[in-house]
Amino acid sequence: MSADDRQGRGQGPDPRRGGGQGRPKSGGGNRPQSDRRRRPDTRPQKQQKQQKQPRPDARTVALAVMAAVRERAAYANLALPAELRRAKLDTRDAALATELTYGTLRAQGLLDRVIVLAASRPVEEIDPPVLDLVRLGAYQLLFTRIGAHAAVDTAVEAARTAGLGRAGGFVNAVLRKVAARDLDSWVDALRDGVTDPVARMAIGTAHPEWIARAFADSLGAAAGELPELLAADDARPKVHLAARPGAITGEELALITGGTEGELSPYAVHLDSGDPGTLDAVREGLAAVQDEGSQLVALAAARAPLGGPDSGRWLDLASGPGGKAVLLGALAEIEQATLTGVEISEHRADLVRGATKDLPVTVHTADGRDPGLEPGFDRVLLDAPCSGLGALRRRPEARWRKTAADIPGLVTLQRELLESALRLVRPGGVVLYATCSPHLSETVSVIREAARRDDVELLDVRDILAEVVGRPVDGLGDGPWVQLWPHRHGTDAMFMAALRRGHDA
């Protein structure tokens, strides 16, 4: 029974408090109510009347997710749907909670710079729960149409109900200073004295400067598109679904979900918003949540031209948590092939097993650099562990967790995994290397080094995608590898290269 149920049971007045219809004490008569002395309530705490807690609203949901991200390194895109289901918000409030959560996490670096100016102290000196309240309030003031009075008052009230002592006065003072300027005025203040154009763009779009520079480097001659890319990276993305090949078509999935078919993957369906976990098609395994760019990676791995016939031995060398393994496994089933998955983490390997349980997929828990498998695979997908810079729009907190110091270690791992993939693929077989990052160190540099081998031929992935999509795709770069972009293709910034192994020199 819930607390609300217990409170609604209609308990009568407690005779011990003198308010009931109980029998008078012998010889005592009925004294007036005012003459009776109240006895202390000695019932156990759980039997005492409980104070009704306020119903969760959009702001409390946002704060709960922000706390989970901060305290447990949770992923917002996983924590938010769980909090929304727990809170049982209506559609309008759920949309507001989503906007507040993702928006505050995405703009955190910009908000913190503003808060430092408004509070005259580093954010590291502010108690983390209080900082969450100030960040959320500042986001409402600078990025939404929520009135200043409402944004400030709700933040102060949240501090009080959370038992944060005198923090309400601090929250009130800081947010009133934030409200004194609009977003453009604050950005101008933060840019004061900054002359480098990339650094100025990074400030205005809430990106760490090193990430903005990595994007500019990858765009190369098209670096003039950086403002458009950063804006697209800040925009709330649509939900992308992948229809399961052999079970449902993209057209059918669009009809039953009310979505629209994707423009690149024949299995992609886009939804403007909502919790995809509530969809029947997702619950029944007919579809899964997967960015359209990730779908193209699995499709390219299945369609890349081989030297010689396909014997049906396919490998997914870094398969966790299983999104691409499901799509590739379904395609393997159609082609009467089998897919071997390798994942170093037991937990993630179990996720792959669960996702592919009715497909011709076998999953091994092993290190992909030396998985102990017999070489001779026709197709190897290596969706290498990477910085994830290409999916920042879907993981709003990630841009503030990553640092440039993370890149070298990842590059070493990527090179070692690619060497393993080339050992495991047969002569004439293809390795499809992919990262959800456009960082040149994780993409072009890794492939150029591998291509120095005498037994490696680079295939033009633009031609492979043209076969997948049914037409040439614009904006993929000069080849032979390709780079997808959110502002050009509406996908995450996926990189792909195809390496066909020749006979050993």
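1. Helices here are DSSP runs of at least four residues, numbered from the N terminus. The model is predicted. Ala73 sits in the loop between helix H2 (58-72) and helix H3 (76-87). Its phi is positive, about 55°, although Ala73 is not a glycine. Ala73 counts as partly exposed because its relative accessibility is 46%, and that class lies between 20% and 50%.

2. Gln336 lies in the loop between H16 and strand E6 (338-343). At 76% relative accessibility, Gln336 counts as exposed. For context, most residues other than glycine have a negative phi, and most peptide bonds are trans.

3. Check the cis peptide bonds. Gly320 to Pro321 is cis, with omega near 0°. Pro321 is in the loop between strand E5 (313-316) and helix H16 (323-334). Gly479 to Pro480 is cis, with omega near 0°. Pro480 falls in the loop between helix H20 (461-469) and strand E11 (482-483).

4. Next, a sheet. Four strands form an open sheet in the order E2-E3-E1-E4, with antiparallel pairing. Strands E2 (260-261) and E4 (287-289) are at the edges; each has a single partner strand, so one side of each lacks a neighbour in the sheet. E2 and strand E3 (residues 268-271) run antiparallel and are joined by 2 bridges. Glu261 has Val269 of E3 as its bridge partner.

5. Last, surface charge. Asp182, Asp184, Asp188 and Asp192 form a negative surface patch. Asp192 is placed in the loop between helix H9 (183-191) and helix H10 (197-204). With 66% relative accessibility, Asp192 counts as exposed.

Notes
Residues are numbered from 1 along each chain as its sequence is written. This is a predicted model: local features need pLDDT of at least 70, side-chain atom pairs count only at pLDDT 80 or more; totals for chains, interfaces and linings use all residues. Side-chain values use heavy atoms; hydrogens and water are left out. Two strands pair if DSSP finds at least two bridges between them. Patches are made of residues with over 30% relative accessible area and no salt bridge: like charges are joined within 9 Å, nonpolar side chains (Val, Leu, Ile, Met, Phe, Trp, Tyr) within 5 Å. Accessible areas come from the Shrake-Rupley method with a 1.4 Å probe; for residues, only the protein chains shown count as cover. A salt bridge is a side-chain nitrogen of Lys or Arg within 4 Å of a carboxyl oxygen of Asp or Glu. Lys and Arg count as positive and Asp and Glu as negative; His and the chain ends are not counted. The place of a charge is taken as NZ of Lys, CZ of Arg, CG of Asp or CD of Glu. Buried means under 20% relative accessible area, exposed over 50%, partly exposed in between (1.4 Å probe, protein chains only).
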